[in-house]
Amino acid sequence: METEPPSPSNEVGSAPNNRTLLPEFALALGLVIMTIIVGRMIYHDSFVDGSTYSNRSFAQPGAGFSFLLVVYGCIRARFLPLWLRLVGAPFAFFAGYIGIGLMLLLINAVI
């Protein structure tokens with residue numbers, strides 16, 4: 001009489017691991033939404049009415065992009081201790097906020 005080893009999917013209380021790609025899906029969806037918002041702003045500012053958006057208007061999308069990337073990085077950087085991720089997250093957010101905001105201004109100025 002042969003017995004098969006128990007498989008993890010047959011055990012009581014075990015569910016299939018469907019949540020492994022949830023952070024990537026959320027990041028991709030957030031980046032697509034932010035890209036649509038920024039693209040609409042740049043198009044409207046460059047081709048419709050140049051006085052609608054000021055340079056400060058591109059700060060919020062820069063913060064949005066930075067927030068998405070920092071949260072994704074904190075979720076996926078499990079090799080770092082939690083305290084280091086929590087202490088470094090605000091610094092990474094503000095560095096990304098400034099860098100991405102300036103990059104959006106540069107793209108708007110070029111177009």
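This is a chat about a predicted model and what its helices, surface and aromatic rings look like.

Colleague: Hi! Let's start on the outside. Which residues form the nonpolar patch on the surface?

Modeller: Hello! Keep in mind that the model is predicted. The patch is made of Tyr-43, Phe-47, Val-48, Met-103, Leu-106, Ile-107, Val-110 and Ile-111. Together they have about 860 Å² of accessible area.

Colleague: Okay, and which helix gives the most to that patch?

Modeller: That's α3, with 4 residues. Helices α1, residues 22–48, and α3, residues 82–110, each supply at least two residues of the patch.

Colleague: Let's switch to rings. How many aromatic pairs are there in the whole structure?

Modeller: A search of the whole structure turns up 4. One of the aromatic pairs is Tyr-43 with Phe-47, and this pair is tilted, with 5.5 Å centre to centre and 45° between the planes.

Colleague: Why are Phe-93 and Tyr-97 separated by about one helical turn?

Modeller: Because they sit 4 residues apart in helix α3. Phe-93 and Tyr-97 also form one aromatic cluster with Phe-94.

Colleague: Why do you call Tyr-97 partly exposed?

Modeller: Its relative accessible area is 30%, and partly exposed covers the range between the 20% limit for buried and the 50% limit for exposed.

Colleague: New topic: α2. How many residues does it have, and how far does it reach?

Modeller: Helix α2 runs over residues 59–76, so to speak 18 residues, and reaches 26 Å from its first C-alpha to its last. That is close to the 26 Å expected at 1.5 Å a residue.

Colleague: Which residues of α2 are buried?

Modeller: Pro-61, Gly-62, Ala-63, Gly-64, Phe-65, Ser-66 and Val-70 are buried. The buried residues of α2 pack against α1 and α3.

Colleague: What does Asn-108 touch?

Modeller: Leaving out residues up to four places away in sequence, Asn-108 touches Ile-42, Asp-45, Ser-46 and Phe-58.

Key. Residues are numbered from 1 along each chain as its sequence is written. This is a predicted model: local features need pLDDT of at least 70, side-chain atom pairs count only at pLDDT 80 or more; totals for chains, interfaces and linings use all residues. Side-chain values use heavy atoms; hydrogens and water are left out. Patches are made of residues with over 30% relative accessible area and no salt bridge: like charges are joined within 9 Å, nonpolar side chains (Val, Leu, Ile, Met, Phe, Trp, Tyr) within 5 Å. Accessible areas come from the Shrake-Rupley method with a 1.4 Å probe; for residues, only the protein chains shown count as cover. A salt bridge is a side-chain nitrogen of Lys or Arg within 4 Å of a carboxyl oxygen of Asp or Glu. The expected span of a helix is 1.5 Å times one less than its number of residues. Buried means under 20% relative accessible area, exposed over 50%, partly exposed in between (1.4 Å probe, protein chains only). Contact means heavy atoms within 4.5 Å. Rings of Phe, Tyr and Trp (its six-membered ring) pair if their centres lie within 6.5 Å; planes under 30 degrees apart count as stacked, over 60 as edge-to-face and the rest as tilted.
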